[in-house]
Amino acid sequence: MATHAVPELDPALVGQWQAGGGDIIDLLTQAREQLGGVAAFRLGPRPTVLVTDPVAVQHVLALHPGRYVKRSHRARLLIGDGVLAATGEAWQRQRRLLQSQFTGRGMRRYEQRITFAARTSAARWAEYARTGQVFDVGEEMRRFALDTIWRSLTGHPLDPATERELAAVPAVVAALPSLPADSTAPQGTVAADLAVIDALAGHAIAAARDKEAGPDGPGLLHVLLDAAETRPEYTDGLIRDELVTLLVAGHETTATTLTWLYLLLDRNPEAREQALAAGADGSPERRLAIQALVHEALRFYPSAWILPRSAAEDDILAGYEIEAGTDVLVCPYLTHRDPQLWDDPGRFDLTRFTVSGRRPVHPGSYFPFGIGPRACLGLQFALRESTVLLEHLLPAHTPRFRSIPEGAAYSITVRPDGPTPAVLGDQAADAARR
């Protein structure tokens, strides 16, 4: 079969993008629209290859993960050698240990913790509705997700002091894009935030080692400590890295997805009504419809919006020659918005995930958590906690936003680029009419 070089975006267009100071997504969108599902552009001496075609996506992530490897994780400064950043045999060992916690019987351990966290959030929202207090939807989603993951890790609900200290986690995540890619010794506020995170992790590890189980029972941290008794690689340093990795992955993506969902429902209120009308409270039909809302939000704003890889060897990808060492960017964000794959992709429509035949069937067409061996471990956990929270909040409350973020910020996640203040209840209706 004849092969070709990957088509490259006109350097003049790349130069215009650089001069204009646009977001990276603007450049990637130009490359996809002009050149198709496998396209290249140059920001340096070598081309970077963008992959959005479903067949090529599956080739890179699922069929040949050994040819396209993770070179380094952007959050390594924060998560160290945790499972997201680990490679090779270390990654395989760490993934095997954690995988059992997020499937089947392992997931059942966290059902009650998720429900308790959702009830706590629902009680706060009821108070907001009673008083007419303005609150930030994004902060509420982050608070819920932190409570859920903290209960799951330690067995303890999120207390105010821990919540204040955990604010250092999103602060470091937000700062990462501005730091050098190989930064190992950050200065200033990032260093101070990392010190807070290290101290909090150290305290949690010490408490768990002293068999201090919380009211919800032992958590994931106890699983890691049990592993350390027979696996010498699980030092306190690695346990710290796994703990922080699970904190980051276990709250940032869920909080962002739920925030986007509420912004999308504000523009598409009929989707909320459609989900609630699918079945009675607690019914499987309503649960599936609420899950469909989450999936449609993830289509618009996937948890992992960009998946960087490096070609470990020469390869042929969709008929194109890929040289060893080439940087490859797989982009779920653009695949999910491709009009050749999705009917009217700019329309929010939960029936894509409730009605057979309404969405593409190829696994490389919808992959908000990745596909293949490095797909997100917490997929089922994230979907479950999102669904449970929405089952508590959607029937009772409709936030009315005082202001809407104008765009998105493309970092480790893609998130709203501003605050999301809102009100609930009768006071909200009055405020909206004014």
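Okay, let's start in the middle: the largest nonpolar core here has 117 residues. By that I mean buried Ala, Val, Leu, Ile, Met, Phe, Trp, Tyr and Cys residues joined through side-chain atoms within 4.5 Å, with buried meaning under 20% relative accessible area, using a 1.4 Å probe and protein chains only. Helix H13, residues 236–267, gives the largest share of this core, 15 residues. Helices are DSSP runs of H or I, at least four residues, and strands are E runs of at least two, numbered from the N terminus.

Quick caveat: this is a predicted model, so local features need pLDDT of at least 70 and side-chain atom pairs 80 or more, while totals for chains, interfaces and linings use all residues. Residues are numbered from 1 along each chain as its sequence is written, and side-chain values use heavy atoms, without hydrogens and water.

Back to the core. Tyr262 is among the residues with the most contacts inside it, and so is Met141. Skipping neighbours within four places in sequence, Tyr262 is in contact (heavy atoms within 4.5 Å) with Met141, and its other partners include Trp125, Leu390 and Phe401.

Now, strand E2, residues 38–42. Four of its five residues are buried, so E2 is largely enclosed by the rest of the structure. E2 runs antiparallel to strand E3, residues 47–51, with five bridges joining them; at least two DSSP bridges make a pair. The two form a hairpin with four residues between them, and Ala40 sits opposite Val49.

Last one: Ser365, in the loop between H16 and H17. Buried or exposed? Buried, because its relative accessibility is 1%. Its contacts beyond four places in sequence include Pro54, His336 and Trp342.

Note on methods. Buried means under 20% relative accessible area, exposed over 50%, partly exposed in between (1.4 Å probe, protein chains only).
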